[in-house]
There are 2 protein chains.
Amino acid sequence: MRVCVIGSTGHVGYVLKDIGKTEASIVGVAPGSQGEDVRALYAEVRALNSQAKAFADYRQMLDELKPDVAVVTCHFGDLASVTIEALQRQIHVFSEKPIATTLSALDDVQKAYSKAGVHLAAMFGIRYEPCFLTAWDAVRNGVIGQVRLLTAQKSYKLGQRPDFFKDRKTYGGTIPWVGIHAIDWVHWFSGEQFLSVFAAHSSLHNRNHGELEVTANCQFNLTNQVIASVNIDYLRPENAPSHGDDRVRVVGTEGIMEVRGGNAYLLNADNDGIHGLSLRSGRGIFSDFMAQVRGEGECLVSAEDSFYVTKAALLARLSADEGRSIRFGHDG
Amino acid sequence: MRVCVIGSTGHVGYVLKDIGKTEASIVGVAPGSQGEDVRALYAEVRALNSQAKAFADYRQMLDELKPDVAVVTCHFGDLASVTIEALQRQIHVFSEKPIATTLSALDDVQKAYSKAGVHLAAMFGIRYEPCFLTAWDAVRNGVIGQVRLLTAQKSYKLGQRPDFFKDRKTYGGTIPWVGIHAIDWVHWFSGEQFLSVFAAHSSLHNRNHGELEVTANCQFNLTNQVIASVNIDYLRPENAPSHGDDRVRVVGTEGIMEVRGGNAYLLNADNDGIHGLSLRSGRGIFSDFMAQVRGEGECLVSAEDSFYVTKAALLARLSADEGRSIRFGHDG
């Protein structure tokens with residue numbers, strides 16, 4: 001299997017980490033956005049495959065190398081158009097999230113996908129972290145009964161972000177870029193569909209990061225009266241012990257599951273007090289993606305989930321921009 | 001100072017615990033709601049003051065004993081009307097929260113209060129718990145800079161509640177009864193005013209508790225683009241190590257403060273990693289209330305806060321009932 005990487009901005013690390021386990025190799029690298037510098041990435045890729053080529057134009061790369069898989073990881077505002085170019089060539093796509101930064105671009109990607117007959121997945125790689133995978137598996141196995149209420153958190157250090165983060169057009173917004181993971185957990189843990197969202201975000205106190213929002217919250221009503229909220233911030237102090245502080249708390253009819261600090265905690269009738277779960281070793285998202293491409297399994301992240309959660313994030317952003325609640329299926 | 005207690009339903013324990021430190025005594029006890037049994041409470045009160053009297057009609061008690069202070073702690077749907085009777089007699093009121101269970105009754109209480117010239121406070125006693133008081137004091141002293149994002153949690157065991165919890169008319173709803181504490185923390189920690197709320201609640205899986213909602217979430221937009229959310233559940237397993245699991249996480253421009261498990265944790269540039277604060281010993285809410293009545297201090301819970309937070313809780317309930325966002329000042 002031949003893989004091309006377009007862009008060096010997103011979580012291409014998922015690919016570099018797993019590529020050796022996939023019977024595939026990276027054969028080409030190109031920028032996906034204007035001004036994107038892929039030299040450091042190309043040096044890393046060459047260390048893995050000395051035959052890999054660098055291109056200035058990713059379309060030319062796709063036409064010349066005819067890869068099986070495109071890894072799309074350029075500036076977020078360009079993800080959709082690059083993905084469409086790959087899909088139109090019947091190339092499988094492993095894309096940075098969000099799949100698109102506007103609802104109309106998302107619609108265009110979905111149309112291209114439905115014609116292409118290939119696999120596509122967004123980089124919801126946090127699903128594969130042992131704490132999340134273990135907690136999800138246990139919840140799916142019924143340890144907390146039926147899921148009723150979810151609270152999820154994304155907290156990041158801001159540091160100094162590249163310039164393209166400062167512009168909604170190139171960045172897409174903090175709810176679609178950061179919050180989308182937590183929105184994904186809400187959907188993934190609950191198994192429910194989104195009915196409405198009310199969200200807020202603010203770029204006040206963003207330390208000269210232009211339009212970038214540093215705080216946000218989204219509340220979702222889901223099917224079966226399941227309720228969820230997602231809080232997001234970029235205000236984690238720079239000296240904090242980790243870059244991020246991902247959490248989810250899932251309240252069910254028979255217990256409560258929490259993921260926090262890289263651990264999974266269960267409180268239910270089977271245990272006296274709060275019980276830390278033994279973590280399953282996580283497999284890698286890119287290995288899993290490639291297994292599905294080879295027809296040897298099913299990636300935890302489906303194309304449907306990738307589109308659906310991207311749409312939820314974009315509708316949440318719309319709600320926050322307009323200060324009104326948005327009903328899924330009515331407003332988008 | 002002479003105190004009468006009306007009702008035995010709410011947190012009268014605040015009063016019994018502190019009464020000996022207040023140079024006051026409980027001189028009378030009466031039910032405030034139909035069917036309320038105050039015999040056990042009366043026995044406790046008699047152990048403190050053998051002269052205390054029991055009455056069947058609280059109005060008769062107020063007229064006969066002419067107390068300085070009425071503790072109002074009957075069924076929640078009757079709190080407002082009992083409070084009004086006390087205020088009309090120029091009696092200070094220490095009331096179970098919420099102050100009222102309807103917006104019109106709240107308006108009536110505020111009118112009676114403004115004429116009475118006495119003190120009134122709601123039982124926002126969790127403010128006085130050492131973890132909350134210590135965290136609030138530190139936040140007020142600037143350890144996390146300016147508050148930007150808050151997430152608060154109330155999680156309770158359901159157990160078997162009395163029948164009056166099963167009816168909205170007598171109970172008032174879970175957002176005004178349980179969630180109100182977390183709504184209070186949002187206002188108290190941020191110092192901001194509420195602008196809008198979007199909320200949801202559900203009584204599914206409430207184990208034969210009629211209309212009682214067992215899950216809820218409220219998202220608030222506040223002044224200065226501060227964002228907050230409050231999640232509430234009654235699904236804490238019965239074998240959990242504590243009755244409740246109160247939490248608040250306050251994200252500021254310079255750090256993050258968390259209250260969880262009875263502790264207060266600070267993450268900011270002054271500490272390497274997360275730092276547990278030494279807890280201040282909490283004073284009691286009723287002692288503090290009585291000090292203000294005597295003109296010797298100011299209760300942490302003002303009448304204004306009591307009314308304001310009750311109104312916020314009732315507007316959140318309205319939002320949840322109607323599935324729409326509510327703007328403060330427009331819709332109520």
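What residue follows H6(A), and is its phi positive or negative?

Reply: H6(A) is followed by A:Gly142, and the phi of A:Gly142 is positive, near 90 degrees. The model is predicted, with local features requiring pLDDT of at least 70 and side-chain atom pairs counted only at pLDDT 80 or more, while totals for chains, interfaces and linings use all residues. Residues are numbered from 1 along each chain as its sequence is written, and chains are lettered from A and ligands numbered from 1 in the order in which they are written.

The helix itself covers residues 130–140 of chain A. Helices (H or I, at least four residues) and strands (E, at least two) are DSSP runs, numbered from the N terminus. The buried residues of H6(A) are A:Cys131, A:Phe132, A:Leu133, A:Thr134, A:Ala135, A:Trp136 and A:Val139. Buried here means 20 or more other C-beta atoms within 10 Å of the residue's own, exposed means 12 or fewer, and partly exposed is in between, with C-beta atoms placed from the backbone. These buried residues pack against E7, helix H8 (174–190), strand E11 (247–252), E12 and E13 of chain A. Contact is a matter of C-beta atoms, placed from the backbone, that lie within 7 Å of each other.

In chain B, B:Arg280 is in contact with B:Pro130, B:Leu133, B:Thr134 and B:Asp137, leaving aside its neighbours within four places in sequence. B:Arg280 belongs to the loop between strand E14 (275–276) and helix H9 (285–293) of chain B. Its C-alpha atom is 9.3 Å from that of B:Ala135, although 145 residues separate the two along the chain. B:Arg280 counts as partly exposed because it has 15 C-beta neighbours inside 10 Å.

In the domain division of chain A, domain 1 is 2–118 and domain 2 is 126–283 + 299–327; the bounds come from an automatic or database domain assignment. The C-alpha centres of the two domains of chain A lie 26 Å apart. Contacts between them involve 12 residues of domain 1 and 15 residues of domain 2. On the domain 1 side, the touching residues are 7 nonpolar, 4 polar and 1 charged. In this grouping Ala, Val, Leu, Ile, Met, Phe, Trp, Tyr, Cys and Pro are nonpolar, Asp, Glu, Lys and Arg are charged, and the others, Gly among them, are polar.

Chain A also has an open sheet of 6 strands in the order E3-E2-E1-E4-E5-E6, with parallel pairing. Strands E3 (53–54) and E6 (120–122) stand at the edges with a single partner strand each, so one side of each has no neighbour in the sheet. Two strands pair if DSSP finds at least two bridges between them. E1 (residues 2–6) and E2 (residues 25–30) of chain A are joined by 5 bridges, and A:Cys4 stands opposite A:Gly28.

In chain B, E1 and E4 pair in the parallel sense over 4 bridges, and E4(B) is joined to E5(B), again parallel, by 4 bridges. B:Val69 has a bridge partner in each of these pairings: B:Val3 and B:His92. From E4(B), B:Val69 and B:Val71 point one way, B:Ala70 and B:Val72 the other, and all are buried.

B:Val71 is also one of the residues in contact with B:Val5, as are B:Val12, B:Ile26 and B:Leu41. A:Val5 and B:Val5 touch the most other members of the largest nonpolar core, which has 238 residues. A nonpolar core is a set of buried Ala, Val, Leu, Ile, Met, Phe, Trp, Tyr and Cys residues joined through C-beta atoms within 7 Å.

Between the chains, 35 residues of chain A are in contact with 35 residues of chain B. Elements of chain A that give two or more residues to this side include E7 (147–155), E12 (255–260) and E13 (263–268). The largest share, 5 residues, comes from E9(A). The residues on the chain A side are 14 nonpolar, 17 polar and 4 charged. Of the interface residues of chain A, 97% are also interface residues in chain B, so the copies meet through the same surface.

Notes
Two residues are in contact if their C-beta atoms, placed from the backbone, lie within 7 Å.
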